[in-house]
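I opened this notebook to record what I looked up in the model. The entries follow below.

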Amino acid sequence: MSMFCYQCEQTAKGEGCTVRGVCGKNAEVATLQDALMHTLKGLAVVAQAAAPKGLLTEDLGDFFNEAVFSTLTNVNFDPKRIEAFIREAVCHRKSLQAELDKAGIYPPERAAAFEPAADLPGLIAQGAELGLMAEASDDADVRSLQHTIQFGLKGIAAYASHAAVLGYRDPAIGEYMIEALADLARWDQGDLGVWLPRVLRCGELNLKTMELLDKANTESFGHPVPTPVPLGHKAGKAILVTGHDLLDLEALLKQTEGRGIAIYTHGEMLPAHGYPKLKAYPHLFGNFGTAWQNQRKELPDFPGPVLFTTNCIQQPQESYFRNVYTTGVVGWPDCPVVDRSDFSPLIEQALELPGFAQDEPGKEVMVGFGRNAILSNAGAIVDMVKAGKIRHFFLVGGCDGAKPGRDYYTRFVEQVPEDCLVLTLACGKYRFFDKDLGTIDGIPRLLDVGQCNDAFSAVQVAVALSKAFGVGVNDLPLSLVLSWYEQKAVAILLSLLYLGLKDIRLGPTFPAFLSANVAKYLVDNYDIKAITTPEEDLATILGGK
Ligand code: SF4
Ligand code: SF3
């Protein structure tokens, strides 16, 4: 059976995965995810009609976010979980519709009438008719904008879910999710003039979501502080946690207190070490391994269970399959799903597994340079710029991935001149995170702002610097050199465009879902550039932008 997905950077041939996803997603899961997005759009149409009647609940908002999040790259590969989301969406829709029927309101759209087949093969066959190309405009440019919004929404759903688990919700974000999905259900309506502003609106709402998440994380766990993180390990039992969810990590730390188990972070969980409330647990020991795409190489060497929160999961190797647990919306068929209220299955397994036989000290890296930590030095940093000690700031961040061309980011950072600072965030940092770039008058030249979730923190730093210098953000001695992989990065890029940021360098390639005209529009209006070589890009940037 065939499929079509081109939502991430590693899409086959830079065009689209049509037989099986490069990520490991098979055609069955891909078509089920298409059916799920279709069902959610139909639910949104009905929810939009039900909103003025006060019929929407907070639970429905959480459901939208989790269901959309489950279709983000490397999140959920379990057909049964996707099927469950489809059936739950139809239940929500029918109960809202029943209320609307009483009031004589009948949302007429086709998507709102979807009847799921009774079994999984039937649902998969339905999904095959509801793919990305079937459910979008025939006009390549309008379709490109519609898909950009659909993928940006997945990023928003992920960030909104993170905030919601900490008890932080904003009705405006929930309303937007419904509005945007309902717009997408009406893909046959509207021209470029209608869809282009909707793309920027997606960026605007993602910024709002990231601001909420920043508040949720910092109010729940404190503002990150500069913290050294060991990359080695110590003898003893061990659990590895990966993904972005800090609440899961905190729950695990609480439940393993006094059990003689050291907790290690992997991938995007590394910045967790900088949060005061998390670093207060002495058994949060260090970081093991690097970015998500290396998990199949690195996890066979970890002598304990691995907890996957959020993205990015890959097919577990046979050697560690039985050590893998997922939580939240993450899923891999036959891997146990655990809830943060009770991590005892993996804690018990950690006590049974050998753990590390001996101490093996390694390097240390520094994390914890969120907006508070950086801006507490803002005065000194501004003075150093004025005195010519700091020539330029680079934000080199985003997603990591498997493509060979991603060594660009390593070589770029290695060649950044010594009078420049490098800010980084998200898993792309693993391309250079353990390099010793030294300091400028005591300020480290490499500053880890955090996860991709902390992009808001980086934006705040840029805004504060622009105020301090009395110039617009685009006139600061600051350049953004970004890498993307999945749809959270799409949402962040849309936020940067919404903020009017220009001259962004993007790699390793432009998204396949940008039509030639849409890509040209971005280049012409935002001066977005594809990365070239570190040498050429550095020369262009420092030669005067
Ligand atoms: Fe292909 Fe990426 Fe879609 Fe996976 S998520 S099927 S790799 S485009
Ligand atoms: Fe990384 Fe998936 Fe995007 Fe959070 S963990 S940045 S790729």
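Which domains does the domain assignment of the chain give? I noted domain 1 (12-220), domain 2 (227-352) and domain 3 (371-542), with bounds that come from an automatic or database domain assignment. The model is a predicted one, in which local features need pLDDT of at least 70 and side-chain atom pairs count only at pLDDT 80 or more, while totals for chains, interfaces and linings use all residues. Residues are numbered from 1 along each chain as its sequence is written, chains are lettered from A and ligands numbered from 1 in the order in which they are written, and side-chain values use heavy atoms, with hydrogens and water left out.

**Domains 2 and 3.** I found the C-alpha centres of domain 2 and domain 3 to lie 29 Å apart. Their contact (heavy atoms within 4.5 Å) takes 19 residues from domain 2 and 19 residues from domain 3.

**The loop between E5 and E6.** The peptide bond from Asn311 to Cys312 is cis, with omega near 15°. Cys312 lies in the loop between strand E5 (306-308) and strand E6 (324-327). Thr310 is in the loop between E5 and E6, and its phi is near 50°, a positive value in a residue other than glycine. Strands (E, at least two residues) and helices (H or I, at least four) are DSSP runs, numbered from the N terminus.

**Ligand 1.** I counted 13 residues around ligand 1, of which Cys5, Cys8, Cys17, Cys23 and Thr73 come nearest. The shell of ligand 1 has seven nonpolar, five polar and one charged residues.

One open sheet of six strands runs in the order E4-E3-E2-E5-E6-E7, with parallel pairing; strands pair if DSSP finds at least two bridges between them. Its edge strands are E4 (284-287) and E7 (337-338). E3 (residues 261-265) pairs with E4 over three bridges, and Ile263 has Leu284 as its bridge partner.

Another open sheet of six strands has the order E13-E10-E9-E14-E15-E16, also with parallel pairing. E13 (446-450) and E16 (529-530) each have a single partner strand, so one side of each is left without a neighbour in the sheet. E9 (residues 392-398) and E10 (residues 420-425) pair over four bridges, with Phe394 opposite Val422. H18 (residues 534-542) lies across E9, E10, E14 and E15, at about 140° to E9. I also noted a cis peptide bond from Gly507 to Pro508, with omega near 0°.

**Helices H5 and H16.** What angle do the axes of H5 (residues 140-165) and H16 (residues 487-498) make? They cross at roughly 100° and come within 7 Å, which makes H5 roughly perpendicular to H16. Axes are lines fitted to C-alpha atoms, for helices over the stretch in contact, and angles run from 0 to 180 degrees between N-to-C directions; 65 to 115 degrees counts as roughly perpendicular, under 35 as roughly parallel, over 145 as roughly antiparallel and the rest as oblique. The contact of H5 with H16 has eight nonpolar, five polar and two charged residues.

How values were computed:
Ala, Val, Leu, Ile, Met, Phe, Trp, Tyr, Cys and Pro count as nonpolar, Asp, Glu, Lys and Arg as charged, and the others, Gly among them, as polar. A residue is near a molecule or strand if one of its heavy atoms lies within 4 Å of it.
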